[in-house]
Amino acid sequence: MELLGLPLSTLAAVFGGVGAGLVALYLLKLRRRRVPVPFVPLWARVLDARPAARLFDRLKRLVSLLVQLTLLALMVGALGDPRLRGASARGRALVVLLDGSASMKATDLPGGRARAAREAALRLIRGLGPADRMLLAQMDAQVTALCPLTDDPAELERALGEYAPRDTGADLAQGLRFATDVLRDQPDPEVIVVGDGAYDPPRDARGDVRLSGAALRFEPIGRRGRNVGITAFAVRRYPLDKSRYEAMLEVRSWSDQTERVELTLLADGAPIDVTHVTLAPGATTLRVLPDLSGANESVEARIARDDGTRDDLPADDRAFGTLPERRRVRVLAVTEGNRYLEAALLLDEYLDVVEARPAEAAARLRAERFDVAIFDRVTAPTPQGVATLWLRPEGADSPLPHEPGFALAPPGSALGVSTFDRRHPLTRFMTDLEETHVGRIVRYRPGPRDRIVAAGAAGPMILAGDRGGDRFAVLAFDVRESDFPLRVAWPLLVVNAIDWFAGEDPAYLSSFRTGTTWRIPVPAGVDRAEIETPSGHRLTVPVYEGRAVHFGTEVGLHRLRAGETQRLLAANLHEPRESDCAPRRTLTVSGAQATAPRPGRAGLRRELWAYLLLGALAIVWIEWWTYHRRVTV
Amino acid sequence: MGFFDFLRRPPKPAPDAGTELFDEAFQRRLEWLAVASRRVFAGRLRAERRTRKSGAGLEFADHREYARGDDLRTLDWSVYARTGRALVKLFEEEEDLAVYVLLDCSGSMAHGRPSKFDHARRLAAAMAYVGLANLDRVALIAWSTRVARRMPPARGRNRIFKVFEFLRAAEPAGGTALADAARTFAAENKRRGVAVVVSDLYDPAGFERGINAIRYQRFEPMVIHVTDAREADLAARGDVSLVDEETGEARDVTVTPELLARYRAAHAAWREEVEAFCKSRRIPYVAADVTGAFEDQVLHLLRRVGMLQ
C-alpha cells in the first residue's frame with residue numbers, strides 16, 4: 001500500500017486531533033431532554049423490569065463512539081489516496097493527439113468531424129483500464145495539452161470539452177515529439193492519433209520523428225473530401241494610383257466531379273464583382289482581377305457552389321485581404337521649376353504639394369508643418385521631423401558631402417546604373433532603372449550608416465540614409481541631364497521615396513496565414529498591443545522589436561490596436577493539405593503503420609479512496625436508516 | 001418575520017379560561033342531564049332515601065323506647081296507657097341525600113391539552129347539578145395532598161352558579177395524597193353520604209389507600225377516573241429524562257419503540273387494575289377520557305349505580 005495523497009504523518013495528526021475531539025464530546029455528560037410526564041412510577045414499573053436493556057443502553061454509547069471513529073478513519077484514509085503498491089505502474093500510459101486542424105471542421109459527418117473525434121475520444125476514455133493513464137492533447141499547428149497524464153475519467157471528459165479545431169494545419173511531427181516526451185520512461189506507452197490523417201510526413205529540423213518504443217494507434221475520422229477552396233489570395237494597391245488595386249486569387253478543386261462555383265469579391269463588405277468558375281476534378285485556376293476600386297480597408301473573396309449546396313470544408317471558402325492605409329502627406333517642393341517633378345507628384349492624389357522658391361524655402365519650413373521636403377538642386381536647413389528627397393543637392397545644407405566637380409560621361413556615351421538594391425523601398429516595383437542614361441553626376445560620399453541604393457561606374461547614383469530619425473534620399477544627378485524622367489522608374493522613385501518617408505511599410509502583407517506567427521509593425525514606443533479576433537475574442541499580444549507578435553489560428557479579419565493606432569489584419573488558411581480534406585484510412589510513421597486503438601483491461605479500480613468514501617457513506621446510510629426505523633433510538 | 005423563525009418553538013396556546021368552561025352550551029347540556037336523571041329519582045331513588053325518625057312525618061312506621069331528650073309530643077300515650085311502656089312513635093320521613101364531589105386538584109391533572117383538569121371540572125359540575133336539581137345537599141371539596149378548598153353543602157338548582165364559581169377558582173398544583181385528604185374530609189363532614197371522587201388516581205401512595213379511606217369512614221364512594229389516552233404514548237424518542245410533573249422525580253431513559261409498547265401495556269394494565277379494584281368492592285366506577293362527552297360519562301356512572309336504565 002502506498003499513499004499518493006496526504007502523507008501518513010499528516011493523516012495521523014488529523015485523525016488524532018479530530019478523534020480526540022470526538023472522544024471528548026462523548027466523555028461529556030449527555031444532557032438529556034427533559035420530558036414532563038404525569039406519573040413517573042408507572043414508567044418505573046417498565047424500566048425496572050429490563051436490566052438487559054440497560055446494559056445495551058450503556059454499550060450503545062460505546063458502539064456509537066466506535067462508529068464515529070470508524071467514519072473518521074475512513075474519511076481521513078481517503079485523504080491519503082491510498083493505492084495498492086505497484087498498481088499505478090502496471091497500467092498503460094496513453095497520449096491521445098486530437099487532430100485540431102482546419103480539416104476537422106469538415107461537415108461530411110453528422111455534427112461534423114469534431115463531434116466524431118470527441119465521441120471517439122470518449123470511447124477511448126471509457127475503455128480505459130483501471131490502472132491506465134491518459135493525456136489528451138489538441139494537435140493543430142501547435143500542440144496543446146488539455147489535461148495532465150491522469151487516470152481520472154471525469155477530468156479527461158472535462159478536458160475533452162476544451163477540444164475545438166482551429167483554422168490551421170496539423171503538425172504531426174510536433175505532436176509526436178510532444179507525445180514521446182510525455183511518454184518517456186512510462187510503462188506500456190501508446191500514442192493514439194484521432195483525426196482525418198491528412199498530415200505531412202512527421203519530419204522536422206531534427207529529422208524523422210521516431211516513437212521511441214511507443215505503440216502508434218490511429219482512429220480515422222471522416223467520410224469523404226468533396227471540397228473546393230481558395231488556396232491563395234492577395235490584394236495590392238497600384239503604386240502609381242493608390243486609389244485602385246488588383247487582386248490575385250487561386251481556386252482549387254479536390255472534388256471527384258466537375259464543380260461550378262460562384263466567385264464573389266467584396267470590398268469593405270460590399271460585393272463588387274461576381275464571376276463563375278468551372279473546375280474539373282483536381283483542377284486549379286488562377287485569377288487576377290485588375291483595376292479594382294471601392295475598397296478602403298479590406299477585400300474578401302468568397303466561393304460558393306452554383307447549386308446552392310456547400311462543400312465539405314467551409315473554412316477555405318472565404319479569403320481576406322487588407323489594403324494599406326492611405327493618409328494625406330504634405331510635400332514641400334523647393335525648385336526653380338521642374339516639370340518632371342511636378343508631373344510625378346501629380347500621380348498620387350493623396351499628396352498635398354506646395355511649391356516654393358529656394359529663397360522662401362527656409363521660412364516655409366519654419367512656418368508650416370510638412371512631412372516631406374523635396375529639394376531640386378538647392379539646399380536649405382530642414383527642421384526635425386521632415387524627411388527629405390534631394391535631387392543633386394548643392395550647398396551647405398546638403399545631407400552628404402561630395403567631391404568637387406562632376407563625374408562626366410565619356411564622350412559619345414552616358415553614365416548608367418550598373419547595380420541597384422532591388423529590395424530597398426526606394427526601388428520597389430522598378431524594372432527599368434538600369435536602362436537609365438545620365439550625362440554627369442556629383443560624387444557624394446555616404447556616411448557610415450548610409451546606403452547606396454543604386455550605383456554606376458562613376459559612383460553612387462541613388463543614396464539613402466537617416467539623420468536623427470528623419471529619412472533622406474539623394475539623387476546624384478539632375479534629372480534634366482538624363483533620360484530618367486522618360487522611364488517608369490522616375491515617378492516610382494518619387495512615390496516610393498514619399499511612401500518610405502511617410503512610414504508605409506514596404507513589406508506590407510495583405511494577409512497572413514493561420515498557423516504561423518505574425519509579426520506586425522506597430523508605432524514606436526508601444527510595448528503592448530491588442531488583437532480582436534473575428535470571433536470577438538480580445539487578446540493582449542506582446543511587442544518585440546517594434547512588432548506585435550501573435551500566433552494566428554482564426555481565418556477572417558482581425559483588428560489590431562497598438563497605442564493610438566489600429567488597423568485590420570487579414571488571415572487565411574491557404575493550406576492545400578487542409579483543403580484536401582479527404583480522410584486517410586492509414587497512418588504511417590517511420591515506416592510503421594498505426595493500428596487500431598485497443599481498450600484497457602477491465603478490473604477493479606485501484607483508487608481506494610473511492611471505496612473508503614463509499615464505506616463511510618454506507619455507515620452514514622445505515623445509521624440514518626436505523627435511526628428513522630427506530631432501531632437505535 | 002425572521003428567516004430563522006421556523007426554528008423557534010410555536011408559542012404555547014393560552015390555557016382554557018374558566019369563563020369558557022361553563023358556557024351557555026354547557027349549561028344546556030347540564031339541564032338535559034338533570035331531566036334525564038330526574039325520571040329515575042322520581043320512581044326509585046326517593047324510597048331508598050326514606051328514614052325512620054320521630055317527628056312530623058305523615059306515615060307511621062314503628063315504635064321505639066323513649067329516650068331522654070325525645071320530644072314528649074311523640075310519646076304514644078295510648079300504648080303507655082295500655083302497657084305502661086313509654087314508647088315514642090316513629091314516622092317515615094323523606095331525607096335529602098348528601099353528595100360530596102371530591103375534585104382532584106393535583107399537578108398531574110393539568111397534563112395534556114385539553115387538560116384532564118378541565119374535563120374533571122365539567123364532570124364535577126355535572127354531578128353537582130344532578131344533585132342540586134334533585135334537591136340533594138351537594139358539597140364540593142378540592143384536594144391534592146390535603147383538602148385545599150371546600151364549598152359548603154348547598155341545595156337547590158340555583159346554587160349551581162356557586163358551584164361554577166368554586167370550580168373556576170380551583171387550580172391544579174401539588175402532589176396527590178387521597179388518603180390524607182379523605183381523612184380530613186371525613187373529619188369535617190359528619191353527615192355521611194355519597195363521595196364522588198373525580199381524579200386521575202395518580203397517587204404515589206396507591207389509589208387503593210385513598211378509596212379505602214373513604215369507605216372506612218362510611219361514605220359511599222363513587223369513582224370517576226379521568227383519563228387521557230395520549231398519556232400512554234410519548235412523542236419523544238431517544239435519550240430523554242422523564243420528569244414527574246407532581247414530584248419532580250426524574251428518570252433517565254432511552255425511549256425506543258419496544259419500551260413504548262411495554263409502557264402502553266403497563267398503562268392499560270394499571271387502568272384495568274383500578275377498575276377491577278372498584279368492581280371487587282362494589283364501588284361504582286367509570287373511566288372518563290378527556291376526549292369523551294362528559295354527560296355520557298355521567299349517565300354511564302348513574303347507570304352503574306342503578307339510578308338510570
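Two strands count as paired if DSSP finds at least two bridges between them. Helices (H or I, at least four residues) and strands (E, at least two) are simply DSSP runs, numbered from the N terminus. The model is a predicted one, so local features need pLDDT of at least 70 and side-chain atom pairs count only at pLDDT 80 or more, while totals for chains, interfaces and linings use all residues. Residues are numbered from 1 along each chain as its sequence is written, chains are lettered from A and ligands numbered from 1 in the order in which they are written, and side-chain values rest on heavy atoms, with hydrogens and water left out.

One sheet of chain A is open and antiparallel, and its 4 strands run in the order β14-β13-β16-β17. The edges belong to β14 (270–279) and β17 (318–322) of chain A; each has a single partner strand, so one side of each has no neighbour in the sheet. From one strand to the next, the twist averages 15 degrees. β17(A) pairs with β16 (298–305) of chain A in the antiparallel sense, over 5 bridges. Within that pairing, Ser298(A) has Thr322(A) of β17(A) as its bridge partner. Although β17(A) is an edge strand, 4 of its 5 residues are buried, so the rest of the structure largely encloses it. Here buried means under 20% relative accessible area, exposed over 50%, and partly exposed in between (1.4 Å probe, protein chains only).

Chain A also has an open sheet of 5 strands with mixed pairing, in the order β6-β5-β4-β7-β10. This time β6 (143–145) and β10 (215–220) of chain A stand at the edges. Ignoring direction, neighbouring strands are turned by 25 degrees against each other on average. Strands β4 (93–99) and β7 (189–195) of chain A are parallel partners over 6 bridges, with Leu94(A) bridged to Glu190(A) in β7(A). Helix α4 (112–126) of chain A packs on this sheet and makes about 155 degrees with β7(A). Helix α6 (172–183) of chain A packs there too, at about 160 degrees to β4(A). Such angles run from 0 to 180 degrees between N-to-C directions, with axes fitted to C-alpha atoms (for helices, over the stretch in contact).

Over in chain B, helices α7 (207–216) and α8 (257–280) pack at about 20 degrees, with their axes 11 Å apart. That makes α7(B) roughly parallel to α8(B), a label for angles under 35 degrees. Residues in contact (heavy atoms within 4.5 Å) include Phe207(B) and Ile211(B) of α7(B), and Trp270(B) and Phe277(B) of α8(B).

Definitions and conventions: Angles under 35 degrees count as roughly parallel, over 145 as roughly antiparallel, 65 to 115 as roughly perpendicular and the rest as oblique.
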